[in-house]
Amino acid sequence: MAFAELAADLVLMVGGKNPSPRTAAIIVSAGNSSRMGGKISKQFLTLGGKPVLAHTLLAFQNAKQIDEIVVVAKADAIETVWEIAEQYQIKKLTHVTRGGDTRAASVQRGFRKINPKTKFVAIHDGARCLITPEQVGKVCRVAYRHRAATAATAVTDTVKLANRWGFIEKTLNRDRVFLVQTPQVFHADLYRAALASVKETNLTDDNQLMEKINYTVKLVDFGKDNIKITTPDDIPRAEFILSRRKVQK
């Protein structure tokens, strides 16, 4: 891994780019957890002995590319986020701010809090808690080369496009179909320009901002383990992935 990182840094330097530009992470954790059920928000459920959000924060804390962490949370959860950060020594956390009415609005609130000197921003779902520091580093380094990169996973099933009545219209080429994950990493000036140009508020991810301004985003395939905790079934699946990682070490 160390050799791969060194090689990636050399590629950046040869191309005249800074291998370590200042990078801020925006962790979006302001959702309603409606599909999870129960009274506890999914980011505070226990997974492997830690809150879901703690796993996420630790990954970005331990990623050397990340200089700063901003969390966007529900108003009544802000204090709890700070408590988790203190317990797990998340030293890079600088702000916890209140979320907006939509995901896009929440990300924009977080973006306003980052250090003005930030060159790249890594936007990540707080409930996508199985991301690793190495994966954070990898997608950041790809973004440093291309100005925009996103975690993703290739589709292995046959994919059909349905018409509006629910009948198969055609088969898509699955070699070109990916399920997008996070982190999604962008040059801060590029992201700022996209925000100024695109006024839609119902976007479900930040890559759509780039699509709206016709800027291409490089895909980084992380496989299927980078799951997002969304429904109760995701907890045992995540526990299994964590236990498998421990065995593999």
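**Notes on a predicted model**

1. The model is a predicted one. Strand β8 covers residues 159-162 and strand β9 covers residues 168-172. The two pair in the antiparallel sense, over 4 bridges. Within the pair, L161 faces K170 of β9.

2. Now the chain as a whole. There are 8 helices and 11 strands. The chain has 249 residues, and 48% of them are buried. Take the contacts between residues at least 6 apart in sequence: 73% of these join residues at least 24 apart.

3. The sheet comes next. Which strands make up the open sheet, and in what order? There are 7 strands, in the order β5-β4-β1-β6-β10-β7-β11, and the pairing is mixed. β5 and β11 stand at the edges with a single partner strand each, so one side of each has no neighbour in the sheet. On average, neighbouring strands of this sheet are turned by 25 degrees against each other, direction ignored.

4. Strand β1, residues 23-29, runs parallel to β4, and 6 bridges join the two. V28 stands opposite V72 of β4. In general, strands of a sheet pair through backbone hydrogen bonds, in either a parallel or an antiparallel way.

5. Helices pack on these strands. Helix α2, residues 52-61, lies across β1, β4, β6 and β10. The direction of α2 is at about 175 degrees to β1. Helix α3 also packs on the sheet, where it touches β4 and β5. The direction of α3 makes about 160 degrees with that of β5.

6. A helix pair deserves a look. Two packed helices are described by the angle between their axes and by the distance between the axes. Helix α4 (residues 103-111) packs against helix α6 (residues 188-197) at an angle of about 130 degrees, and their axes are 12 Å apart. The two helices are therefore oblique to each other. Their crossing is left-handed. On the α4 side, V107, Q108 and F111 make the contact; on the α6 side, A188, Y191, R192 and L195 do. By type, the contact residues divide into 5 nonpolar, 1 polar and 1 charged.

7. The bond from T182 to P183 is cis, with omega near 15 degrees. P183 sits in strand β10, residues 178-187.

8. Is A77 buried or exposed? A77 is buried, because its relative accessible area is 4%, under the 20% cut-off. A77 belongs to the loop between β4 (68-73) and α3 (78-87). S41 is 36 residues away from A77 along the chain, yet their C-alpha atoms are separated by 9.2 Å.

9. Two loop residues other than glycine have a positive phi. For Q89, phi is near 55 degrees. Q89 lies in the loop between α3 and β5 (93-98). Q89 is exposed, with a relative accessible area of 53%. For N214, phi is near 60 degrees. N214 lies in the loop between α7 (207-212) and β11 (218-221). N214 is exposed too, with a relative accessible area of 71%.

Notes:
Residues are numbered from 1 along each chain as its sequence is written. This is a predicted model: local features need pLDDT of at least 70, side-chain atom pairs count only at pLDDT 80 or more; totals for chains, interfaces and linings use all residues. Side-chain values use heavy atoms; hydrogens and water are left out. Axes are lines fitted to C-alpha atoms, for helices over the stretch in contact, and angles run from 0 to 180 degrees between N-to-C directions. Angles under 35 degrees count as roughly parallel, over 145 as roughly antiparallel, 65 to 115 as roughly perpendicular and the rest as oblique. A crossing is left-handed if the near helix is turned anticlockwise from the far one by less than a right angle, and right-handed if clockwise. Contact means heavy atoms within 4.5 Å. Ala, Val, Leu, Ile, Met, Phe, Trp, Tyr, Cys and Pro count as nonpolar, Asp, Glu, Lys and Arg as charged, and the others, Gly among them, as polar. Two strands pair if DSSP finds at least two bridges between them. Buried means under 20% relative accessible area, exposed over 50%, partly exposed in between (1.4 Å probe, protein chains only).
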